[in-house]
Amino acid sequence: MDVLNKKHFLTVKDHSVSKEIFDLYYDEELDMLITSPQPELHNLGKYYESEDYISHTDNKRSLFEKAYHFVKNIALQNKLNLINAEQPQKGKILDIGAGTGDFLLTAKNNGWETIGVEPSERAKNIAQQKGISFVEETSSLENNSLDVITMWHVLEHVPDLGLQIQELKRLLKPTGTLIIAVPNFKSFDANHYQTFWAAYDVPIHFWHFSKKSIQLLFEKVDMKLDKILPMKFDSFYVSLLSEKYKTGKMNYIKAFFIGLKSNLTANKTNEFSSHIYVLKNK
């Protein structure tokens, strides 16, 4: 997506790695933000070399990391409950951006046939030690072969958004379920922290979605938005990182209250820090 003729929305900084400056442009038609400039693929890896990128490790060194993994275990059970509710007949599930494999391990232990895709060799090696199987590219998978596809905070990282959405459509069975989780730039915490909002995470977040943008993007491949669910833990995690970027310190108490206020506000506005989108074929 070209940012030509798009309205400038915000100037943001890569707080975690390069300290470089990027711009966010607003696409009015799709109601989403676009990061500019977007790094070339061969340079992308260096922007992931951050201690804040916790999903690529199983470390539990600090209070922050221990809290993250405690919450993650609760979230894993919630994710499993969701896929079981959407697809009561267990089949084959693909997790794109599988990280260290904990979600697929949870699903596998519950009777699902699992496969993952993960570009980080470090994260993939950890997952493989847990017995998780991977494919290098989804292009090796057959048409209409998957009952469930999940992307937990991954779609925002995909360089070619249109191509990825077409591929999801190709892979999913007609009766299958697609589950996507992404941050929401219209949340209270996004508005509160502005340029320090950790979920902008430039430049590895190419796209910044709203509810409308997800609906419109998937309508283009004849998929319907079936339901939207909140990710209430995300406001606390994102607020904690945002406090670190803003002040240089982990202000746990302040971050807790901003995260709480974000959720309370979202109970009225339905704009949570992150949303889970459940999509089906029309």
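F103 and W152 are both buried, where buried means under 20% relative accessible area, exposed over 50% and partly exposed in between, with a 1.4 Å probe and protein chains only. The model is predicted, so local features need pLDDT of at least 70 and side-chain atom pairs count only at pLDDT 80 or more, while totals for chains, interfaces and linings use all residues. Residues are numbered from 1 along each chain as its sequence is written, and side-chain values use heavy atoms, with hydrogens and water left out.

The structure holds seven aromatic pairs. Rings of Phe, Tyr and Trp (its six-membered ring) pair if their centres lie within 6.5 Å; planes under 30 degrees apart count as stacked, over 60 as edge-to-face and the rest as tilted. The ring centres of F103 and W152 are 5.4 Å apart and the planes meet at 75°, so this pair is edge-to-face. It links distant parts of the chain, with F103 in helix α2 and W152 in strand β6 (residues 146-152), 49 residues apart. Helices (H or I, at least four residues) and strands (E, at least two) are DSSP runs, numbered from the N terminus. W152 also has K79 over its face, at 4.4 Å from the ring centre; a charge sits over a ring if NZ of Lys or CZ of Arg is within 6 Å of the ring centre and within 35 degrees of the ring normal.

Helix α2 covers residues 102-109, and its buried residues are D102, F103, L104, T106 and A107. After α2 comes G111, with a positive phi near 105°. The helix belongs to a right-handed β-α-β unit with β4 and β5. A crossover is right-handed if, with the strands pointing away from the viewer, the path from the first strand over the helix to the second runs clockwise.

Strand β4 (residues 92-96) is mostly covered, with four of its five residues buried. Two strands pair if DSSP finds at least two bridges between them. β4 pairs with β5 (residues 113-117) in the parallel sense over five bridges, and K92 has E113 as its bridge partner in β5. β4 also runs parallel to β6, joined by three bridges, and I93 stands opposite V148 in β6.

Ring pairs link F236, F256 and F257 into a cluster. F236 counts as partly exposed because its relative accessibility is 22%, and F256 counts as partly exposed because its relative accessibility is 42%.
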